[in-house]
Structures are given as structure tokens and as C-alpha cells.
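Subject: Structure handover

Hello,

Here is the structure I promised you. Please open it beside this email; my notes on what I found follow.

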Amino acid sequence: MTTFVDRVELHVAAGNGGHGCASVHREKFKPLGGPDGGNGGRGGDVILTVDQSVTTLLEYHHSPHRKATNGKPGEGGHRSGKDGQDLVLAVPDGTVVLDKAGNVLADLVGHGTSYVAAQGGRGGLGNAALASARRKAPGFALLGEPGDVCEIVLELKTVADVALVGYPSAGKSSLISVLSAAKPKIADYPFTTLVPNLGVVTAGSTVYTIADVPGLIPGASQGKGLGLEFLRHVERCSVLVHVLDTATLESDRDPVSDLDVIEEELRQYGGLDNRPRLVVLNKIDVPDGRDLAEMVRPDLQARGYRVFEVSAVAHTGLKELSFALAELVAAARAAQPKGEATRIVIRPKAVDDAGFTVTREEDGLFRVRGEKPERWVRQTDFNNDEAVGYLADRLNRLGVEEELMKAGARAGDGVAIGPEENAVVFDWEPSVMAGAEMLGRRGEDHRLEAPRPAAQRRRDRQAERDDAQREFDDFEPF
Ligand SMILES: Nc1nc2c(ncn2[C@@H]2O[C@H](COP(=O)(O)OP(=O)(O)OP(=O)(O)O)[C@@H](O)[C@H]2O)c(=O)[nH]1
Ligand SMILES: [Mg+2]
């Protein structure tokens, strides 16, 4: 597998929370034993974790849709539903997570670093958990919440010890192929390499990774050629190697001015000044190349570079080069030990703000936005009047009705809770919304009083639960 995919769009969906269960404890001679419906399980998260044995994003290129499992619904007898399983996706070291707009969400470096890309939905509370002194026998439970569904972009910034930089066709990929077991594409036209190649080199007891990047040309730091996009790969590498072409046929180029051009681009890109560098004069198997190499060597050395004359084709000078690189890599590692064991978990920032807003829109609709009211709406089973009453109570306690009143809402006005594309809209009628006249004393389940045979009641309840859960499970995010 030689393809190197370094940017993929990934569609992730966390698991939905399971619904809470509304159930009443039954025992012989004790017909009303109190609510015993368990809570729904949490939906599984989708988690990205750095695994150093993974080197490409190829897998996600092939299957970009990933979903964690749903939580199970709660059951009677205080049985909680099982949590959904987290889906852990292994990504290469150096993976950057972005949103569709290009904002960086996380930068994953170091084995074990994790990022929760999509959070599972909370399970709904069962009626046992909803019981209170005021509401002794709730005849409803909360729905599980849908899990996050989002699109993210993964980009790989190569984490190699050594980066080869240079003009197109200087022989960077050729060098990787002879220093390591990697078999990158090599050809005599510029920009053969479109995404970085990665190779593993063993020199003595040191093992290090080496990466090339697509050829750089003047203006690369401004995005010319394949430019900018690939300079980001160089950022992560601790040693830079200039690969200079001694046998180019372009009359306006020579190794020294090539070096100046590339150095200028690196400088403009920024942040790379402190990387140790050395110079490779390649293609000395070509007689003119060898002569030119001899000529420019003192000049390059005078600038403070260690210079290696090699031929990737004739395999000359490779051993010295690979050992010199091993030394630099070892020194860089000693200076900055990689925190292999650090496990950092990055979670998306919590959006649990207590506030909400009420705005009057042009068409006279009152829109309520806020994390809590929107969550409560998602948790509400609108087929159950008691559940709707409970929602109204919660909204009141938060002060939503008061704010609606202040904003000028009158009975019968339209109120929407949630964003435009996914809101619950109803006519505002506080007393109806609270379901007061239907319920009498709130918190009493009329079904408890209605004499239905126990078996029938059980069947009814199960059917209701099954319907609700099926509807929820059938929800297809993609
Ligand atoms: N004679 C000679 N040719 C070489 C040598 N190294 C590479 N080449 C040739 O130079 C051409 C370009 O080599 P690549 O390794 O693809 O160059 P590159 O720097 O990776 O080029 P880009 O990927 O386009 O940036 C190929 O035709 C190679 O065969 C060498 O040491 N001697
Ligand atoms: Mg190449």
C-alpha cells in the first residue's frame, strides 16, 4: 500500500442515549408499589486516539462514516439500560482535527493522546429517578438524547525525525528509497511526489523516520506550486536535510542559489530556524554533477553546513549520510525526550451554559435558544401529557415563561424552542402547555387508577416503550 492519504473528511456519529423507562412496581397484594423504571444508558462517544503503529489516514479515506453504538433503554425493576460502546478510532501521530470551516479543534501528538470527536447522548431518566416528594408516581420518563453528529477533517502533519526538502526532481524520494525500505514513486518530472513519503532508517543502534515533501519552488511559502500545504509537514521534524541537485539542466539554477531559495521559503514559513540542518549534494554519479559538487562544497561549508556528496542512483555516500543523520536525531531526542506515556484527553469544550435567550422574529414567532431548554425538549416524549407538563415546569423554573411574557408573547402566539432547522414549535398557552386541566394534581398517573388487567397494562407499556425506542434507533444520521 503506497498511497499516502493525508487529508480526509470524516463523518462521525456518537450513540444515542437510551430512553428512560416508566414503570410501576407490582407485587401481589401491593398494587401500587411506586415507580421503578430505570434510566437509559449513555450513547457511546467517538474518540480519536493516537496510535503510533498507524501511519496513514487511508482507512478513513476508504470508509469515512463511523458511528458509536446507542445506549439501551432502561427497564422496570430499577434496571438501567446498558451504556453504548465508545468507538475508538486509531489515528497517526501528528493528526490535526479541524472543523469544516478549517478551525483547528485538536492537534494530536504523542501516543495515546485522545480527542472526543462526538459525544454520546445522555440516557433519559426513568420514572424512578424522576420521583420526588411532590411527584410521587411520575407516569413518564425522559427520552434519551441523540448523540453528536458531526463532520470533521483530519489532516496529517508528518511526524518524522528527518525531513528532506528541496526543488522538484532533486532526488528526495530517490534518497528515501535507498536509505529505507520505502518504495515511493520516483520520476523525472517535477512534482512527482504529491504527498509526503515516510521511510524508516536503521543506522547502527538508532532507528529513525525520514520523510520527504513535495518539491518546493520560489514562492512556496505563499502557496506556489504545492507549497504551503506541504511545508506544514516539515514543522514536526527535528532535523532538516537540503537535497540539492548537482545535475539540473536548468541554466538559472545551481546548488547554492537553490539552497538560498529554499532557506528563504523556510524562513518565510517561519518557526523552523532552530532545526539542525545539513546539506546533501545529490547525483554525483553524473560527471558534471561531481565537478559542480566539488566546486560548491567549500562555499556551503563556509556557511556552516556539513556537506554530503551522494548518489541515490549509484548508492554512493549513503552510509556516512545515514549515520550523520542518526547522530543528529539522537541528539535532538536527548534534548527533547518525547513524552511517550503522556495520555492527554482533549474534550470539546462543554457548552453547558445556564442561560437562554428569547427573541421575537419578523413573522411574530418567539424563538427560545439555550442549551438547557433545547436539551429538555429533546428529552420530552410529546405523546405523554405528563411529560409535557414536566417540561413546562422545568421551563418555568428556568424563567422561560417569564421572559416570553416580557418579550410580549400572548396566549396563542407561536413559540419555537431550538434552532431554525430543528425546533419544536407550539402555540403558547401556558396552562395548556402545563397540561394542568388534564392532569388534575400534577404528578399523578391516571393510568394507575384505571383498572386494567395487569397483563394488558404490561403489554401496553412495553409497546409504548418499543415504539419510542424504535423511532429513536431508526434515526439515521447519514
Ligand atoms: N543520475 C541520477 N539521477 C537521480 C539521482 N537521484 C534521483 N535521480 C533522478 O532524478 C529524478 C527525480 O527523482 P525523484 O526522487 O523523483 O525527485 P524528487 O526530489 O522526489 O522530486 P519531486 O517529488 O518531484 O519533488 C528521477 O528521474 C531520478 O531517477 C541520482 O543520484 N543520480
Ligand atoms: Mg519526490
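Strand 9 (residues 162-165) and strand 11 (residues 206-212) run parallel, joined by three bridges. Leucine 164 stands opposite aspartate 212 in strand 11. Keep in mind throughout that this is a predicted model.

Strand 11 also pairs with strand 10 (residues 198-203). Here the strands run antiparallel, with six bridges. One of the pairs puts leucine 198 against alanine 211 of strand 11. Strand 10 and strand 11 form a hairpin with two residues between the strands. Glycine 204 in that hairpin takes a positive phi near 65°.

These strands belong to an open sheet of six, in the order 10-11-9-12-13-14. The pairing is mixed. Strand 10 and strand 14 (307-309) are the edge strands, and each pairs on one side only. On average, neighbouring strands of this sheet are turned by 25° against each other, direction ignored.

Two helices lie across the sheet. Helix 3 (residues 172-179) lies across strands 9, 10, 11, 12 (239-245) and 13 (277-282). Its angle to strand 11 is about 155°. Helix 7 (residues 318-335) lies across strand 9, strand 10, strand 11, strand 12, strand 13 and strand 14. Helix 7 runs at about 100° to strand 11.

Next, the ligand. Which residues are closest to ligand 1? They are Gly171, Ser173, Asp188, Thr193 and Gly215, out of 25 that surround ligand 1. Helix 3 gives the largest share of this shell, three residues. By class, the shell has 10 nonpolar, 10 polar and five charged residues.

Strand 18 and strand 19 pair antiparallel over four bridges. In that part of the model, valine 415 stands opposite phenylalanine 426 of strand 19.

Helix 8 (residues 371-378) has four buried residues to look at: Pro373, Trp376, Val377 and Arg378. What do the buried residues of helix 8 pack against? Their partners are strand 17 (366-369), helix 9 (385-398), helix 10 (400-406), strand 18 (414-417) and strand 19 (424-427).

Two packed helices are described by the angle between their axes and the distance between the axes. For helix 8 and helix 9, the angle is about 175° and the axes are 10 Å apart. Angles over 145 degrees count as roughly antiparallel, so helix 8 and helix 9 are roughly antiparallel to each other. Helix 8 makes the contact with Lys372, Pro373, Trp376 and Val377. Helix 9 makes it with Leu391, Arg394, Leu395 and Leu398. By class, this contact has six nonpolar, no polar and two charged residues.

Strand 7 (residues 114-118) is one. Four of its five residues are buried, so strand 7 is largely enclosed by the rest of the structure. Strand 2 (residues 46-50) runs antiparallel to strand 7, and four bridges join them. Threonine 49 stands opposite serine 114 in strand 7.

Leucine 154 is the other. Leucine 154 sits in strand 8 (residues 149-156). Is leucine 154 buried or exposed? The cut-off for buried is 20 or more other C-beta atoms within 10 Å. Leucine 154 has 24 C-beta neighbours inside 10 Å, so it counts as buried. Leucine 154 touches Val8, Leu10, Leu57, Tyr60, Val91, Thr95 and Val97, leaving out residues up to four places away in sequence. Threonine 95 is 59 residues from leucine 154 along the chain, yet their C-alpha atoms are separated by 6.4 Å.

Last, the chain as a whole. The secondary structure comes to 14 helices and 19 strands. The chain has 478 residues, and 42% of them count as buried. Of the contacts between residues at least 6 apart in sequence, 71% join residues at least 24 apart.

Best wishes

Definitions and conventions
Residues are numbered from 1 along each chain as its sequence is written. Chains are lettered from A and ligands numbered from 1 in the order in which they are written. This is a predicted model: local features need pLDDT of at least 70, side-chain atom pairs count only at pLDDT 80 or more; totals for chains, interfaces and linings use all residues. A residue is buried if 20 or more other C-beta atoms lie within 10 Å of its own, exposed if 12 or fewer, and partly exposed in between; C-beta atoms are placed from the backbone. Two residues are in contact if their C-beta atoms, placed from the backbone, lie within 7 Å. A residue is near a molecule or strand if its C-beta atom, placed from the backbone, lies within 6 Å of it. Ala, Val, Leu, Ile, Met, Phe, Trp, Tyr, Cys and Pro count as nonpolar, Asp, Glu, Lys and Arg as charged, and the others, Gly among them, as polar. Axes are lines fitted to C-alpha atoms, for helices over the stretch in contact, and angles run from 0 to 180 degrees between N-to-C directions. Angles under 35 degrees count as roughly parallel, over 145 as roughly antiparallel, 65 to 115 as roughly perpendicular and the rest as oblique. Two strands pair if DSSP finds at least two bridges between them.
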